[in-house]
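Subject: Structure handover

Hello,

Here is the structure for you to look over. My notes follow below it.

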Amino acid sequence: MSNDEFRAALARLAAGVVLVTAHEPALTEDGPRGEDAGMTATSFTSVSLDPPLVLVSLRNGSRMDDLLAEQPLWGVSLLSENQRQIAGRFAMKGRISDRLLFEDIPWTRGEVCGAPLMEGALATLECRTEQRVEAGDHTLVIGRVLKAGLPGGDGAPLAYFRGRYRHLG
């Protein structure tokens with residue numbers, strides 16, 4: 001089987017879209033302030049209710065993979081169909097600095113994880129890494145959910161199917 005055949009087959013699996021975020025602390029107390037980072041993910045799922053666990057798949061060597069290897073606290077915003085622009089912005093390859101990507105998007109800092117959480121998201125989760133599992137060219141990060149919020153009410157989710165963001169309906 002070729003990579004193209006595998007990709008084409010799995011493109012037919014609809015997935016929810018989330019924004020995974022983390023705050024990289026400053027290296028020293030008197031040094032420059034830390035930075036926020038974010039990435040769009042469609043490989044995200046619930047793992048367990050007791051304890052509450054979720055899983056996200058990160059490409060090995062990506063900024064988020066490197067950051068979550070050092071920073072155990074991170075956030076997840078389950079994006080609504082009205083947040084397609086946010087998903088696209090944080091999915092860009094060769095993009096500008098994350099600081100600029102967050103600049104004009106409404107968000108709040110998570111009380112527990114310290115990461116940006118998107119206002120208007122269907123739900124937000126604040127997580128602590130429990131386990132990292134190497135899996136091919138990705139790392140599966142299993143996180144314990146420390147806090148959940150419902151900032152966006154009862155909107156529709158942003159879905160990804162056949163290589164495009166979609167509305168359910």
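A disulfide here is a pair of cysteine sulfur atoms within 2.5 Å. By that rule the count is zero. The model is predicted: local features need pLDDT of at least 70, side-chain atom pairs count only at pLDDT 80 or more, and totals for chains, interfaces and linings use all residues. Residues are numbered from 1 along each chain as its sequence is written, and side-chain values use heavy atoms, with hydrogens and water left out.

Cysteines

Overall fold

The protein chain has four helices and twelve strands. These are DSSP runs, numbered from the N terminus: helices are H or I with at least four residues, strands are E with at least two. The radius of gyration is 16 Å. It is taken over C-alpha atoms, and the globule rule is 2.2 Å times the number of residues to the power 0.38. For 169 residues, a compact globule would come near 15 Å, so the chain agrees with the rule. Along its principal axes the C-alpha trace spans about 50 × 40 × 35 Å.

Of the 169 residues, 39% count as buried. The accessible surface is about 9,800 Å², and carbon and sulfur atoms hold 53% of it. Areas come from the Shrake-Rupley method with a 1.4 Å probe; for residues, only the protein chains shown count as cover. A contact means heavy atoms within 4.5 Å. Among contacts with a separation of 6 or more, 63% join residues 24 or more positions apart.

Cores

A nonpolar core is a set of buried Ala, Val, Leu, Ile, Met, Phe, Trp, Tyr and Cys residues joined through side-chain atoms within 4.5 Å. The largest has 19 residues. Val20, Val56, Met64 and Trp74 have the most contacts inside it. Elements giving two or more residues to this core include strand 2 (18-24), strand 5 (53-59), helix 2 (63-70) and strand 10 (138-149). Beyond four places in sequence, Met64 touches Val20, Thr21, Ala22, Ala37, Gly38, Met39 and Leu58. A second, separate core has 13 residues, including Val17, Ile105, Met118 and Ala121.

Two buried polar residues

Asp36 is in strand 3 (residues 35-41). Its relative accessibility is 13%, so Asp36 counts as buried. Which side chains make polar contacts with that of Asp36? His23 does, at 2.7 Å. Arg109 does too, at 2.9 Å. A polar contact is a pair of N or O atoms within 3.5 Å; within protein, one must be able to donate a hydrogen and the other to accept it, and residues adjacent in sequence count only if both atoms are side-chain atoms. Leaving aside neighbours within four places in sequence, the contacts of Asp36 also include Arg63, Asp98 and Trp107.

Ser77 is in strand 6. At 0% relative accessibility, Ser77 counts as buried. A polar atom of the Ser77 side chain lies 2.9 Å from the backbone nitrogen of Met118. Beyond four places in sequence, Ser77 touches several residues, among them Val17, Leu19, Met118 and Ala121.

Best wishes

Conventions: Buried < 20%, exposed > 50% of the residue type's maximum accessible area, 1.4 Å probe, protein only.
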